[in-house]
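Please read the following note alongside the coordinates. The points concern how the parts of the assembly meet one another.

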There are 2 protein chains.
Amino acid sequence: MMATGAIVSDIEIARQARMERIGVIAAELGLHEEEWEGYGRYKAKIDLNVLRRLENKPEGKLILVTSINPTAAGEGKTTVSVGLAQALNRIGRKTVLAVREPSLGPCFGLKGGAAGGGYSQVVPMEDINLHFTGDMHAVTSAHNLLAALIDNHLQQGNSLGLDPRRIVWKRVVDMNDRALRHIMIGMGGKTEGVPREDGFEITVASEIMAILCLTEGLGELKEALSRMLIGYTYTGQAVYVRDLQAQGAMAVLLKEAVKPNLVQTLENTPALVHGGPFANIAHGCNSLTATRMALKLGEYAVTEAGFGADLGAEKFLHIKCGKGSLSPAAVVIVATVRALKLHGGAAKDVLAREDLAALARGFANLQKHAESIAAVRLPFVVAVNEFPTDTEGEVELLKKLCREHGFAVELCRVWEQGGAGGEGLARAVVAAAEGAGEGFVPAYRADDEIPVKAEAIARTFYGAEGVNFSDKARKQIEEFKKNGWDKLPLCMAKTQYSLSDQAALVGRPEGFTITIRELKPSLGAGFIVAMTGDILRMPGLPKVPAALRMDIDQDGTVHGLF
Amino acid sequence: MMATGAIVSDIEIARQARMERIGVIAAELGLHEEEWEGYGRYKAKIDLNVLRRLENKPEGKLILVTSINPTAAGEGKTTVSVGLAQALNRIGRKTVLAVREPSLGPCFGLKGGAAGGGYSQVVPMEDINLHFTGDMHAVTSAHNLLAALIDNHLQQGNSLGLDPRRIVWKRVVDMNDRALRHIMIGMGGKTEGVPREDGFEITVASEIMAILCLTEGLGELKEALSRMLIGYTYTGQAVYVRDLQAQGAMAVLLKEAVKPNLVQTLENTPALVHGGPFANIAHGCNSLTATRMALKLGEYAVTEAGFGADLGAEKFLHIKCGKGSLSPAAVVIVATVRALKLHGGAAKDVLAREDLAALARGFANLQKHAESIAAVRLPFVVAVNEFPTDTEGEVELLKKLCREHGFAVELCRVWEQGGAGGEGLARAVVAAAEGAGEGFVPAYRADDEIPVKAEAIARTFYGAEGVNFSDKARKQIEEFKKNGWDKLPLCMAKTQYSLSDQAALVGRPEGFTITIRELKPSLGAGFIVAMTGDILRMPGLPKVPAALRMDIDQDGTVHGLF
């Protein structure tokens, strides 16, 4: 990710790491031998029985890492999360990291791998990026089993009277494959299925992934799967997974995927890498189970949320913390000089040049996110993730602006120095977390009316003046009410690049409203997705996909994953 | 499978098994600690370096288990393979089993699981049937990555000039999903891909699976992947994977899948369960790497081929043994009284009734397969897999018929008794294998003309009078010659139920010819598929899929896998 000025690549650093056998990491966490199963030497799945054994143990302190609105410059949120967890361990706080697992699609498309960077990485990096312990594949299989059962139901007589034009359950593949976005299936005649329009989404967009990340145990998982909406009958009645009785077989396919994966950072800090739902049409954080386990096993648990605080932190708080009765002890807001300059109107190709004016303007973006976190009564620290191109003047200005606004701020150099580069940040986080915070105060309640919930989010987290609804969305609000689907938290699907619903409005736009075009019930996951624009659920490959740079030697050495 | 009269189900027997930790099994095989990686407690992947370390060690004796033409009664070929391996160990021959890994699709469709039966099973049965070590998923990912790269190539300007109407590379999913057989993709407008006809096949039908099972090492794998045919240009030129430079990324996805999986049988016999290509459009046996490893690690290696000897053994011998320079020391031909009665014209619902006449007629099917094996100069033993419903008279008649024809024959009761029920068979196999055999004499050479190869197979293994070619196939023979694709072994895709190409012609049909309708070049795998009929590459789900009987308890206990 943040490779500017680096001499050694992420994969080279990762390969040189002195990893501990995963059994050593597990033992240090106090796990019993029968509570984990190794997947190779450096990965393990942890049994959910651990949570039962530790039921009465008090939970550690939860630290949420979020950021300003992402820019093309990269903010390094995962790198800071990894570095902070390492640093907390260095200053004597037993800390467990909990982060999302990457998806194959983007790895072979644009990104070429994702597990932190520099000296703040989660390892074994190659394994984590390639198949890992099979969780994504299990979600894909369970999702497509349901799809096959639905089309088989149509083919075998359609006793439920499902309308082939109103099936909302699509198929998934963990690959960036735009040609599968809009397809026609069931062609070829009477024995070859019932013709209908369909489409593939990428696996992480599956509602099953969101469910995997919001349930704690197989019983609850099955219950959530059974609630998912499949489509509608010819007479307009909703049809659920339970009507097909598919939840049992789907849960069978997910029985290992529900278990958190234990790996380590480059400094042998234990890391739970588990689950990875989209951060727009879903809530975008690692599994509740992994976070719970990190809180039970560590004094501190460091976790991150997708995109900026407007999307990621908001959903982390209202959806995940709401579901799991969690409250962060402190929030870290990651910013970089480079990204703030982009928010202040600087051009991407001159970021290496000092530009105090752009930085001062772009600071407004950080300021808004800080105000949002303060509005829900959480203490926070701004982490300035330093780049080699940052000038002393820029860094000083950013610190000064933070102090003027009363924001705790710390520089960190975790990419270059690992945990040692984050000790100041770690101490500031401990100070914030051990202060007398009142805990998270939600901006809305799940049983508020849908427009009330949307207004609360848009005003508190985006700084919007209000929310408009399309005619379609207004009709849906009535329909959801009638179906009893409206008493769920909202999951906002909005561009990540702007506080508003217009990607180009960087910085801190003001005087804007957002428009909710359409709602989508994720009844299994337990939220209502509110779409403010066209959200891509199936990415495409670029002109030169990352895949074309990849290779492997006879001895198994991989090239082209960074 | 062969559950007639059984009181305890396969899964109950499997759950009661006293498995050894996989490290114990690995140590008994003489594997060094760094040569294997555990995937949980009872599964491991074995590093290919083992083959380099043992390069100069002489190989053990290879025993191929094949059968009569399969019938609705079930022959229990895998069960006999497992039981025989257990029995060989009991009589003091260090034996390693090598078999295919099952595919998820059929498991959730009709079969509900497949890993032997009764007291001759490979365990952990649930894991083997569900995701296992992720090999199938890796094949699916590599296959669909190539498909995405192809459609992206079309979208990004199509510099190769690929004709969207002549792309032969389809997509795969490991699920029985008939509605995906014939689809239209790339719909939705200019940004959504190029519209074209496409289809999904089941993962085990992927040419990548065949390649995985016929290459020994990553270098050879990449080379084979690069040879695969993608489609044709507008001017009719063949386009290969190497033209897209996709083989490197595909091999990266397959880097763990190339390693054989080590598990054990119910009696702790080591079992390599690895790879599982279709037995019609591909060659239908486990990986060459697993077989090679079994031969290096054991005095005996027991392996099986798909379907009956006409398809499975023939392809095992000409394709797999040809590729790997292997020769079985002996062949076991599995038959059952019940199945032979079906071949003799008995009705399925009266199989429990003694019918000596039907058995005597059906014997002709076994006789033909025995003659085929003798024709390629291999010693064999007929294994009569006993069922509780077999009468003494039937068993005696079958033994008598075998003896009259000079066939070694042994009863076995491995389903009911495990290895103890196969000791007689094991002794007969050892006697055959340790005799002065001359080794496999192929029925054809790869550089024979295509019609010569087809005639040789049809006459020697089917008892056909000859082979007809459709006009299309005749045209293709010329085209293949021109492209230099014709000097490869043939892979016959034929119904498994009959020696002929007509499924209904059970027993031993005579005076028939077979018709090759179409050829398909599998240039990466290194064979030419000869299609004698419509071969389903994507199964459908039945009226009541096995999935609907499956469930899982809160504690992880799975129901409905048998």
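1. A salt bridge, as the term is used here, is a side-chain nitrogen of Lys or Arg within 4 Å of a carboxyl oxygen of Asp or Glu. By that rule Asp177(A) forms a salt bridge with Arg171(B), the closest N and O atoms being 3.0 Å apart. The model is a predicted one, and the distance should be read with that in mind.

2. Between chain B and chain A the count is nine salt bridges, and to these may be set the 39 residue pairs in polar contact between chain B and chain A, both residues of each pair being at pLDDT 80 or more. On the side of chain B that touches chain A, two or more residues come from each of several elements, including the helices α5 (104–111), α9 (218–227) and α11 (247–253) and the strands β1 (36–38), β8 (171–173), β9 (183–185) and β25 (551–552) of chain B. The largest share of that side, 10 residues, is supplied by α7(B), a helix that spans 135–155.

3. The side of chain B that touches chain A is made up, by class, of 32 nonpolar, 21 polar and 20 charged residues. The contact involves 73 residues of chain B and 73 residues of chain A, and the area buried between the two chains is about 6200 Å², with carbon and sulfur atoms giving 59% of it.

4. Within chain A, the assignment gives domain 1 (10–134 + 257–433), domain 2 (135–253) and domain 3 (450–532). For the pair formed by domain 2 and domain 3 of chain A, the C-alpha centres lie 25 Å apart, and the contact takes 11 residues from domain 2 and eight residues from domain 3.

5. How much area do domain 2 of chain A and domain 3 of chain A bury between them? The figure is about 720 Å², of which 58% is on carbon and sulfur atoms. On the domain 2 side, Glu207(A), Arg227(A) and Leu229(A) lose the most area to domain 3 of chain A, together accounting for 49% of what that side buries.

6. Between domain 2 and domain 3 of chain A the count of salt bridges is zero, whereas six residue pairs are found in polar contact across that interface, both residues of each pair being at pLDDT 80 or more. On the domain 2 side, α8 (207–212), α9 (218–227), β12 (229–233) and β13 (238–240) of chain A each supply at least two residues, and the largest share, three residues, comes from α8(A). By class, the residues of that side divide into nine nonpolar, no polar and two charged.

Terms used: Residues numbered from 1 in each chain as written. Chains lettered and ligands numbered in written order. Predicted model: local features only at pLDDT ≥ 70, side-chain atom pairs only at ≥ 80, totals over all residues. Heavy atoms only, no water. Domains from an automatic or database assignment. Contact = heavy atoms within 4.5 Å. Buried area = accessible area lost by both parts, 1.4 Å probe. Polar contact = N/O pair within 3.5 Å; in protein donor to acceptor, adjacent residues only side chain to side chain. Helix = DSSP H or I, 4+ residues; strand = E, 2+ residues; numbered from the N terminus. Nonpolar A, V, L, I, M, F, W, Y, C, P; charged D, E, K, R; others polar.
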